[in-house]
Amino acid sequence: MTTASSADHPTRRDFLFVATGAVAGVGAVATAWPFISQMNPDASTIAAGAPIEVDLTPIAEGQDIKVFWRGKPIYISHRTKKQVEEAQNTPLKDLPDPETDQQRTKPGHERWLVVVGICTHLGCIPIAHEGSYDGFFCPCHGSVYDTSGRIRQGPAPTNLPVPPYAFLTDTKIQIG
């Protein structure tokens, strides 16, 4: 029989019940953690092609940024109206690898250029806003690309590649 005074105070048995329950809870979490954790993709899977989203809002007109996707540098350029007009008005006969500016950009978003920043000659990283066409210049062997990433001079055989990307909104893209 319990009295009112003993029910108000925890007993040793109450403490053991609480302690046992806490240890069992921690043990259950510790046991479940590896099973839950193994469902996440590993680093090599993420690096192999998980899409990335890029906010274009902070990129000023005439500026470009470099992000990394699949371990490759990706240049995102916010071209000026003048740069777009020069790229669109370039005769295809002047290009070693003929491709129009419209083929390299998305309709309605011609001011944005997205290219893989790896020179197609020997895999060097070109410098943006350099060279005689204000595009990209590869200092290793002198390849010069225009503001659309098309090869204009030098030993590079092809244009800078355009990665798969899509506009999610007017100010956000998804690469991959």
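Predicted model: local features only at pLDDT ≥ 70, side-chain atom pairs only at ≥ 80, totals over all residues.
Residues are numbered from 1 along each chain as its sequence is written, and side-chain values use heavy atoms, with hydrogens and water left out.

Strands (E, at least two residues) are DSSP runs numbered from the N terminus, and two strands are taken to pair if DSSP finds at least two bridges between them. E2 and E3 run antiparallel and are joined by six bridges, and Val-67 has Ile-74 in E3 as its bridge partner.

Another open sheet of three strands, also with antiparallel pairing, has the order E1-E10-E9. Strand E1 (52-55) and strand E9 (165-169) are its edge strands, each pairing on one side only. Neighbouring strands of this sheet are turned against each other by 30° on average, direction ignored. Four bridges connect E1 with strand E10 (residues 172-175), and the two run antiparallel. Opposite Asp-55 stands Lys-172 in E10.

Two aromatic pairs were counted, a pair being rings of Phe, Tyr and Trp (its six-membered ring) with centres within 6.5 Å; planes under 30 degrees apart count as stacked, over 60 as edge-to-face and the rest as tilted. The ring centres of Tyr-75 and Phe-136 are 5.2 Å apart and the planes stand at 45°, so this pair is tilted. Tyr-75 in strand E3 and Phe-136 in strand E6 are 61 residues apart, and their pair links distant parts of the chain. Both Tyr-75 and Phe-136 are buried, where buried means under 20% relative accessible area, exposed over 50%, and partly exposed in between (1.4 Å probe, protein chains only). Tyr-165 and Phe-167 form an edge-to-face pair, at 6.1 Å centre to centre and 65° between the planes. Tyr-165 is buried at a relative accessible area of 6%, and Phe-167 counts as buried at 18%.

One cavity of 30 Å³ or more was found. A cavity is a set of points on a 1 Å grid over the protein atoms alone where a 1.4 Å probe fits but cannot get out, and lining residues have an atom within 4 Å of a point. The volume of the largest cavity, about 80 Å³, is the space filled by probe spheres set on the points, which are joined across faces, edges and corners. Its lining comprises 15 residues, of which Ser-77, Gln-83, His-129, Asp-134 and Phe-136 are the closest to the centre. Strand E3 (72-78), strand E5 (127-130) and strand E6 (135-138) each give two or more residues to this lining. The lining residues divide into three nonpolar, eight polar and four charged, with Ala, Val, Leu, Ile, Met, Phe, Trp, Tyr, Cys and Pro counted as nonpolar, Asp, Glu, Lys and Arg as charged, and the others, Gly among them, as polar.

His-129 lies in strand E5 and, although not a glycine, has a positive phi of about 60°. At 32% relative accessibility, His-129 is partly exposed. Arg-70, in the loop between E2 and E3, is likewise not a glycine and has a positive phi of about 55°. Its relative accessible area of 46% makes Arg-70 partly exposed.

Notes:
Axes fitted to C-alpha atoms, helices over the stretch in contact; angles between N-to-C directions. 1 Å grid on protein atoms, 1.4 Å probe; cavity = no way out; pocket = protein on both sides within 12 Å on 5 of 7 lines; lining within 4 Å.
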